[in-house]
Amino acid sequence: MIWFRRLHKWIGLAIGIQVGIWMLSGLMMGLLDHEHVQGHHYRTVSNVAPLPASSRNVLDAVDIVELAAVATQVNDISLRSYLGGIAYQVTTAGGSQLFDAVSGSRIVVSAEDAATLAKRDYSGPGQIVSIEPVQAPAMEVRRHSGEAWRVEFDDEEATTLYVAADDGRILERRNDTWRLFDVFWMLHIMDYKEREDFNNALVILVSLIAAWFSITGVVLFFDSFRREDFLALVPGGWWRSPARIAVCAPHGEVVARVSSFVGGRLYDELARDDIVLPSNCGGGGTCGLCVVNLGPDWPVSAADRRLLSAHQREQGIRLSCQAKVANDMVVGISDEVLSAQELTAEVVECRFLTPFIREIRLRLPG
Ligand code: FES
């Protein structure tokens, strides 16, 4: 059980960092306004323009396919308004193309067209500060392919619209809220390069280790706690029968009698009566200092097995922080503990050895 506990501890430390990142990133993604993340707060609500009057003179769709000389199979062909005119959008496996529905000429989305389309889609207070071509997929348009125009506005969130160069669609609306969300998303799914694949090998591996950590935690829970631990949390419960503890010196003389309750922790019950046993772990069952003699027949706890030698256990030595008070029990205590006295000292140094352990150096008077 010792190696099991050690493994659990060290793996817990490593996994704990990632679990913390999962929780923090999940919390942050939940707190960020989804409207802002999607850039919908600066989106023009209705930008569907009615078809212009010229829609009565449009070419037939079959003519457009012939004019376009499309080599591959056409998946879709649709009529739509485009910058005050009307256009056919022809979609093939290779992408989309726009054709003027009246003249049949190919429409190329220029930087000026992209600026006009972006301004129509954008309802925020900013002005366009830059227009530049990008080749998708790029980080902010990673779910698309082909050429696009990157149109940036000078608002407080550095809103950036991506306009498809082949058919003028608004591909993405990005801003600083989305960029922050995207960092948390990357940390959450552990895909540090593409930021897309949440079934990647790393996240699966860490999830499996985290699951193992949880299962071992359940096993160690049953090893570390007993029913009495929980009963002792409730003071004055009806099940707490009074108990008497006889405290003996090593030669057998009874030096104190302590009134307590059955089921209480021996270490605490003795301390309540000013018999303070040495401890570095505050009763956590890890330092092995709070030893008393309860006799060889006293049950051996997991911590006893871990911290005491077989010889000590045979002699009846036990950790008092792991022992529960029984009625009329006899507790053997060493001379060092019995001869302990209270001293006043000066603190000369105080420093943390670990986040939970602090070293305090004292200077005795005289
Ligand atoms: S107080 Fe540390 S093991 Fe008992």
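Thr91 of strand β2 is the bridge partner of Asp76. In this predicted model, that contact belongs to the antiparallel pairing of β2 with strand β1 (residues 74–82), which extends over eight bridges. The two strands form a hairpin with two residues between them, and Leu83, in the turn, has a positive phi of about 50 degrees. Strand β2 is also joined by six bridges to strand β3 (residues 95–100), again in the antiparallel sense, and here the bridge partner of Ala87 is Asp100 in β3. A hairpin with two residues between the strands is likewise formed by β2 and β3. Of the eight residues of β2 (residues 85–92), six are buried, so the strand is largely enclosed by the rest of the structure.

Three aromatic pairs are present in the structure. In one of them, the ring centres of Tyr42 and Tyr122 are 5.7 Å apart with the planes at 70 degrees, so the arrangement is edge-to-face. Because Tyr42 lies in the loop between α2 (34–37) and α3 (61–68), and Tyr122 in the loop between α4 (111–121) and β5 (128–136), this pair ties together parts that are 80 residues apart in sequence. The rings of Tyr122 and Phe153, by contrast, are stacked, because their centres are 3.9 Å apart and their planes lie at 20 degrees; with Phe153 in strand β6 (residues 146–153), this second contact ties together parts that are 31 residues apart in sequence.

Definitions and conventions
Residues are numbered from 1 along each chain as its sequence is written. This is a predicted model: local features need pLDDT of at least 70, side-chain atom pairs count only at pLDDT 80 or more; totals for chains, interfaces and linings use all residues. Side-chain values use heavy atoms; hydrogens and water are left out. Buried means under 20% relative accessible area, exposed over 50%, partly exposed in between (1.4 Å probe, protein chains only). Helices (H or I, at least four residues) and strands (E, at least two) are DSSP runs, numbered from the N terminus. Two strands pair if DSSP finds at least two bridges between them. Rings of Phe, Tyr and Trp (its six-membered ring) pair if their centres lie within 6.5 Å; planes under 30 degrees apart count as stacked, over 60 as edge-to-face and the rest as tilted.
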